[in-house]
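Hi,

Here is the structure I promised to pass on.

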Amino acid sequence: MQDDERVIFRIRPSFYTVGKAYIGAAMFSLLAMALFGYFRLPIGISLGLALTSFIIPLLKHLQRNRIIYTLTPSKIEIDFGIFSKTVRNIPLRNAQDV
């Protein structure tokens with residue numbers, strides 16, 4: 001980004017879908033722990049199943065955190081990546097649909 005460009009706002013994608021995934025994983029893990037406890041199965045299996053249910057929400061969270069949208073008076077910047085950043089600049093004069 002150039003030094004003379006001022007940032008109007010900076011935003012990430014919504015947390016809504018990630019939050020739903022976390023809530024679903026938490027409900028699944030509680031249900032799994034309750035069922036495994038009711039049937040007196042080994043705690044290691046139920047704990048492992050409960051922890052693996054959080055893999056998809058964690059991946060969605062990482063995917064959400066790797067994108068940043070920045071609006072300046074002359075362009076929209078889209079930053080991708082966590083370790084290696086890729087920046088895509090879209091001049092506002094090229095924006096045709098909002």
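In which sense do S2 and strand S3 pair, and over how many bridges? S2 and S3 (residues 75-80) pair in the antiparallel sense, over five bridges. "Pair" here means that DSSP finds at least two bridges between the two strands. Strands (E, at least two residues) and helices (H or I, at least four) are DSSP runs, numbered from the N terminus.

Before I go on, a word on what you're looking at: this is a predicted model, where local features need pLDDT of at least 70 and side-chain atom pairs count only at pLDDT 80 or more, while totals for chains, interfaces and linings use all residues. Residues are numbered from 1 along each chain as its sequence is written, and side-chain values use heavy atoms, with hydrogens and water left out.

Now the sheet. It is open, has four strands in the order S1-S2-S3-S4, and its pairing is antiparallel. S1 and S4 are the edge strands, each pairing on one side only. On average, neighbouring strands are turned by 15 degrees against each other, direction ignored; the angles are between N-to-C directions of axes, which are lines fitted to C-alpha atoms (for helices over the stretch in contact), and run from 0 to 180 degrees.

Going strand by strand, S1 (residues 9-11) pairs with S2 (residues 67-71) over three bridges. A hairpin of three residues takes S2 into S3. S3 is then joined to S4 (residues 86-91) by six bridges, including Lys75 with Pro91 and Ile76 with Ile90. The S3-S4 hairpin has five residues between the strands, and Gly81 in that turn has a positive phi of about 105 degrees.

Next, the helices. The axes of H1 (residues 16-38) and H3 (residues 55-65) come within 9 Å and cross at roughly 165 degrees. The two helices are therefore roughly antiparallel to each other (the label goes to angles over 145 degrees; under 35 is roughly parallel, 65 to 115 roughly perpendicular, and the rest oblique). Val18, Ala21, Tyr22 and Ala25 of H1 meet Pro57, Leu58, Lys60, His61 and Arg64 of H3, with contact meaning heavy atoms within 4.5 Å.

Cheers
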